[in-house]
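Visitor: I would like to learn how to read a few features of a model. Please take them one at a time.

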Amino acid sequence: MKYLLLDYADTSKAPDYTPEQAKAAVQAWLDYVTEAKAAGVLLASEALRPVTDATTVRVRKGKTLTIDGPFAETHEQLGGIFLLDCKDLDEAIAWAAKMPGAKYGSIEVRPVWENPQA
Amino acid sequence: MTAAEQIETTFREAHGRILAALISQLGDFTLAEDALQDALVNALERWEIDGVPRNPAAWLMTVAIHRAIDRLRRAATQERKAAILDSLVRQKEPEMDDSIPDDRLKLMFTCCHPTLALEAQVALTLHTLGGLSTPEIARAFLVPVPTMAQRLARARAKIRNAGIPYRVPPTDLLPERLDALLAVIYLIFNEGYCATAGDTLTRSALCSEAIRLCRLLVDLLPQSAEVHGLLALMLLHDSRREARLNAAGELVVLDEQDRTRWDQARIHEGIAVLKAAFALYDPGPYQVQAAISALHAEAPTAEATDWRQIATLYDTLTTMTPSVVVEVNRAVAMAMAWGAETGLQMLLRLDSRADGFYPYHAARADLLRRTNQSAAAADAYARALALCGNRAERVYLQRQLREMLNLAS
């Protein structure tokens with residue numbers, strides 16, 4: 001089954017990292033991706049630029065409206081996505097728990113709708 | 001026995017087992033439940049005419065598989081269903097032998113998967129393994145039938161759509177998943193035993209069902225000490241069920257209970273199961289609680305209770321599972337072992353953490369009463385009453401409050 005793992009974190013305050021810590025944090029993500037690739041579960045992954053670079057788009061009455069930033073002002077923001085192919089929910093949860101972001105943010109595990117006609 | 005009665009009996013005894021085996025074979029929770037339902041309707045018609053088959057459970061299993069094939073054929077346009085159908089048809093005629101594989105452990109773990117809401121875990125467990133109907137479960141938990149039906153439907157849908165596995169968890173997950181499973185069983189028992197509201201009759205069925213499920217779990221996981229511990233705990237509590245309420249439905253506290261009304265068979269079994277648990281050398285909180293309950297059960301009179309040992313066991317429990325509930329009980333045990341003043345001091349140290357918890361105020365009130373502080377005791381009984389929703393306990397608290405107010409005035 002395919003699962004989309006959405007990594008949410010509080011981006012309102014930048015982490016107070018030393019250069020070494022920042023390097024280690026990046027390395028932890030790279031290691032995670034390497035491990036998921038090696039296990040053959042990783043279908044796709046992207047890290048997202050912060051919400052300050054985001055644009056929210058809506059079409060109302062035929063008119064395209066754009067807003068700077070995310071539509072909803074929530075505490076935790078989406079920081080990255082991982083599309084995994086797992087045996088079952090337990091395996092997806094295990095991969096979510098391994099994600100470096102799980103220690104400070106939260107990971108939403110969403111099964112992909114595999115057969116929309118069903 | 002009429003055909004209808006025979007179906008009822010078979011249903012109660014074998015529902016979980018047939019359903020668990022069907023899910024294994026079909027790989028689809030909802031399809032298995034629907035197919036079993038079809039088979040039961042079929043049985044009602046056929047057994048009336050042909051008589052009850054030699055092995056009713058195997059008959060139901062075979063018919064359910066045929067009904068599942070029928071259902072799949074009707075809907076075989078969907079890729080997934082076609083795949084199940086393909087594998088079923090390629091199998092030889094479903095076996096008609098007497099043995100249905102026992103997959104109930106898988107079913108239990110799936111129903112109690114931590115990604116389902118706790119209330120859904122409870123409902124699903126009672127429904128699939130206990131064979132309780134949706135209206136029965138709705139009545140027991142005081143929710144409207146459509147609410148319960150929706151709760152069950154949503155849980156089933158999540159099992160399928162989110163890919164919750166149907167299996168006994170691997171070794172690395174087993175301890176935490178087993179804890180969750182035991183918690184569900186104990187919750188079912190407590191819902192029946194310490195009913196926060198509602199009528200007593202439906203609720204005694206919940207106690208029996210929790211005990212039945214735990215017995216099954218002991219058979220399936222004979223090496224788990226805590227499974228034995230929970231069974232022992234529930235049996236020992238259950239031995240006092242009759243004596244806990246008087247004829248008027250009021251709560252009778254432990255030291256005022258008529259001990260001749262305690263169920264000795266339950267007590268003997270509970271203690272034997274607890275000994276079996278100890279023999280596995282893997283202590284845990286259910287075993288400690290069962291040991292406390294056993295000390296009460298073994299005391300011929302309230303005065304003869306070994307409160308010092310009980311207080312020591314509560315010390316152990318505090319380190320295993322620290323909580324306000326345990327602290328309150330520990331303070332009560334200390335009061336009984338070393339004097340009301342000692343217990344009272346311990347309770348006062350809990351104040352802010354325990355303030356919204358009625359047993360805390362009830363315990364405080366009882367100890368204040370024992371130390372002849374009637375006015376303070378009355379205040380504490382009033383606080384407990386304001387927080388307590390259980391009818392039987394409220395009657396007890398009201399009686400105590402009146403007595404304290406009389407003494408204080």
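Guide: Start with the elements: helices are DSSP runs of H or I with at least four residues, strands are runs of E with at least two, and both are numbered from the N terminus. Bear in mind that this model is predicted.

Visitor: In which order do the elements of chain A run from the N terminus on?

Guide: The order is β-α-β-β-β-β-α-β, which gives chain A 2 helices and 6 strands.

Visitor: What does the C-alpha trace of chain A span along its principal axes?

Guide: The spans are about 50 × 50 × 20 Å.

Visitor: How many of the residues of chain A count as buried?

Guide: A residue is buried if 20 or more other C-beta atoms lie within 10 Å of its own, and exposed if 12 or fewer do. In chain A, 13% of the 118 residues count as buried.

Visitor: And what about contacts along the sequence?

Guide: Take the contacts in chain A between residues at least 6 apart in sequence: 73% of them join residues at least 24 apart.

Visitor: Where is A:Lys61 found, and is the residue buried or exposed?

Guide: A:Lys61 sits in the loop between strand 3 (55–60) and strand 4 (63–68) of chain A. Its phi is near 50 degrees, a positive value in a residue other than glycine. A:Lys61 has 5 other C-beta atoms within 10 Å, so it is exposed.

Visitor: Which loop of chain B holds B:Tyr281?

Guide: The loop between helix 12 (264–278) and helix 13 (285–298). B:Tyr281, which is not glycine, also has a positive phi, near 50 degrees. This residue is exposed because 7 other C-beta atoms lie within 10 Å.

Definitions and conventions
Residues numbered from 1 in each chain as written. Chains lettered and ligands numbered in written order. Predicted model: local features only at pLDDT ≥ 70, side-chain atom pairs only at ≥ 80, totals over all residues. Contact = placed C-beta atoms within 7 Å.
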